[in-house]
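Please look over the sequence and the model shown here before reading on. The report then goes from the whole chain to one of its strands.

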Amino acid sequence: MGFLEEHVIPGLHGKTFTVDFQNEYEFEKIQPDLEAIPGIRSVSFDQYVQPHEIIVYASDLVDQRHVQQVVRSYGYHALPKKLFAIGN
């Protein structure tokens, strides 16, 4: 894995993770702990896609494993979505 794939980079786009939350209430239990990770500005939940996704926005460089560990501590999983190539 490359540097960009292993970290949440500060910026407007955030990093998207596929999660196995069933609904927004499950996300709301975890959200405060995710936002307590140093460098994370905010986390949003997208319930209108399947599987559900969270988008993590950072103000500083954050290792994606920290996000995954917090989600895993609640019995769920968070898989980072792959970066897509622009152009061919």
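## Terms and basis

Two strands are said to pair if DSSP finds at least two bridges between them, and the strands themselves (E, at least two residues), like the helices (H or I, at least four), are DSSP runs numbered from the N terminus. This is a predicted model, in which local features need pLDDT of at least 70, side-chain atom pairs count only at pLDDT 80 or more, and totals for chains, interfaces and linings use all residues. Residues are numbered from 1 along each chain as its sequence is written, and side-chain values use heavy atoms, with hydrogens and water left out.

## The whole chain

The protein chain holds 3 helices and 6 strands, which follow one another along the sequence in the pattern α-β-β-α-β-β-β-α-β. Of its 88 residues, 35% are buried, a word that here stands for under 20% relative accessible area with a 1.4 Å probe, counting protein chains only.

Strand β4, which spans residues 53-58, is mostly covered, with 6 of its 6 residues buried. E53, I55 and Y57 point one way from this strand, while I54, V56 and A58 point the other way, and all are buried.

Strand β3 (residues 40-46) pairs with β4 in the antiparallel sense over 6 bridges, and V43 stands opposite V56 in β4; a hairpin through 6 residues joins β3 to β4. Strand β2 (residues 15-19) also runs antiparallel to β4, joined to it by 4 bridges, and here T16 stands opposite I55 in β4.

Definitions and conventions. Buried means under 20% relative accessible area, exposed over 50%, partly exposed in between (1.4 Å probe, protein chains only).
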